[in-house]
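Work through the exercises below with the sequence and the model at hand, and try each task before reading its solution.

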Amino acid sequence: MKKIIQMRAGMFSLVLGCLSAIFACSKMEDSYVGFIKKGSITYVGTPDSVKVYPGNKRLKMTWRVSDPSATLARVYWNNKTDSMVVPVKLSANADEMEVMFNNMKEGTYSFDIMMFDKNNNRSINKNVVGKVYGDNYVNTLLGRPVKQAVFEKEKVTISWGIADPTAIAAEINYTDKNGKKHVVSVPPDSMITTLLNYSLTLQERFEYKTLYAPDSLSLDVFATAPQSVKVTGPPIEFARTGWTAGLEDYDIPTNRVPQNVLDNNINTIWHMDKNKTYPHPITIDMKVVNTVSGLTYSQREPLDGAVKLVEIQVSTDNQTWRSLGAYTFENLRGKQYLELLEPASFRYFRVIVRSDYKNGSASALAELGAYRR
C-alpha cells in the first residue's frame with residue numbers, strides 16, 4: 001500500500017507539472033498572438049543633425065530629414081503641453097527642415113521631435129535643448145568700459161577697457177563738426193578708437209552701446225542701454241616741485257623711499273616694506289589744493305610683480321580722508337594715465353596698494369603724479 005501511495009504522489013506531481021507548463025505555454029501563446037495580430041512596426045527615419053538657434057523671445061530649429069517617406073513633423077515642449085505640427089516641405093535638392101518658434105517666454109526648453117509618414121508611422125523621439133533670451137538676459141549685460149575719451153586737434157581718441165568675452169562690438173553714435181551723423185562699430189579686441197572731425201562745442205558727450213551675441217548660432221544681437229561719455233581735453237600734469245611723500249611704508253635697509261616717486265627718474269623706486277603684507281600706503285602732499293582729473297604712474301622696470309589693485313583716498317587737511325574707490329594699475333611700461341570717475345579737489349592723496357601681478361606681499365613703484373583736463 002505504501003508503494004502505491006508513493007506512485008500516486010509521483011503521478012500527481014507529474015500531472016501538476018504538465019498543467020503548469022500548459023498554462024505557461026497558453027499565456028506565452030496569447031502574447032505572441034497579440035504580437036502577430038499587431039504585425040511588425042514600421043519606423044520613420046529619425047531627424048538628423050538638429051541645430052537650435054536661440055533668439056530674442058524666439059527660437060529657430062533645423063534638422064535634416066533622413067527619410068523621404070516623412071510627411072510631417074510634430075514638435076513637443078513644456079512636458080508635451082505645447083506642440084507644433086509642421087508639414088514636410090523641402091525645396092529641390094534639399095533635405096533640411098526649418099521651424100520658427102515665435103513669442104516664446106525667456107528660458108530653457110526641452111523639445112521632442114518626431115517624424116510621421118502618410119500612414120501615421122512615426123520615428124523614434126529626438127530630444128534637444130534650446131534657450132530663449134529676453135529682458136532678464138539684457139539686464140545682465142555690462143557696457144564695455146571707456147577709460148577715457150580725449151579731444152585734441154578736431155579728433156577724439158577713445159581708450160577702452162577689456163570687453164566681455166561674449167561682446168561682439170561697441171557701437172558709437174556721434175555728430176561731426178559738419179553736422180553729419182556717424183555710427184562707428186568697434187571690434188572687441190580694439191583698444192583705441194578715433195572719432196574724426198569732432199566738434200567739442202557741438203557735442204560735449206557721445207553715446208555708445210555694447211552689442212552681445214549669447215551663442216554662435218544666435219538669431220539676434222542684444223544691446224545694452226546707451227551710455228553717455230564725456231569728452232575731455234588732453235591731460236595737463238601738475239608740476240611736482242615741492243611735493244613730498246610720507247614715510248609710512250618703505251623698505252628701510254635699501255632706502256628705496258617714497259620720495260623717489262617724485263624725482264622724474266624711472267630708475268629710482270619706492271619699494272614697499274618686505275617685512276609687511278598688503279596693504280601698503282603712500283601719501284603725497286601737493287602743498288596746495290588742486291582739482292584733479294586723474295593720476296599718472298610708472299611701474300618699476302623691468303616689470304616684475306607690478307602694482308595691481310589700489311585704493312585712492314584724498315584729503316584737504318591730512319586729517320579727514322575720503323575714498324575715491326578702487327582702481328587697477330596696468331601691467332605696462334612707461335607713463336600711464338588713470339582717470340578718476342569724477343574730478344576731485346584735494347591737497348593730499350593716498351594710494352593704498354592692495355595687490356600685485358605676482359600675488360606677492362610687496363611691490364614697487366617708480367613714479368606717481370596727478371593731472372587735470
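**Exercise 1: a residue in a strand**

Gln 313 is found in strand E20, where strands (E, at least two residues) are DSSP runs numbered from the N terminus. The model is a predicted one, in which local features need pLDDT of at least 70 and side-chain atom pairs count only at pLDDT 80 or more, while totals for chains, interfaces and linings use all residues. Residues are numbered from 1 along each chain as its sequence is written, and side-chain values use heavy atoms, with hydrogens and water left out.

Task: decide whether Gln 313 is buried or exposed, and find the side chain that a polar contact joins to Gln 313.

Solution. Begin with the cut-offs: buried means under 20% relative accessible area, exposed over 50%, and partly exposed in between (1.4 Å probe, protein chains only). Because its relative accessible area is 16%, Gln 313 is buried. Next, the side chain of Gln 313 is joined to that of Glu 311 by a polar contact of 3.3 Å. Finally, when neighbours within four places in sequence are left aside, the residues in contact with Gln 313 include Trp 321, Tyr 348 and Phe 349, contact being heavy atoms within 4.5 Å.

**Exercise 2: a residue in a loop**

Task: locate Tyr 43 and classify its accessibility.

Solution. Tyr 43 lies in the loop that runs between helix H1 (2–38) and strand E1 (48–54). Its relative accessibility is 47%, so Tyr 43 counts as partly exposed.

Definitions and conventions: Helix = DSSP H or I, 4+ residues; strand = E, 2+ residues; numbered from the N terminus. Polar contact = N/O pair within 3.5 Å; in protein donor to acceptor, adjacent residues only side chain to side chain.
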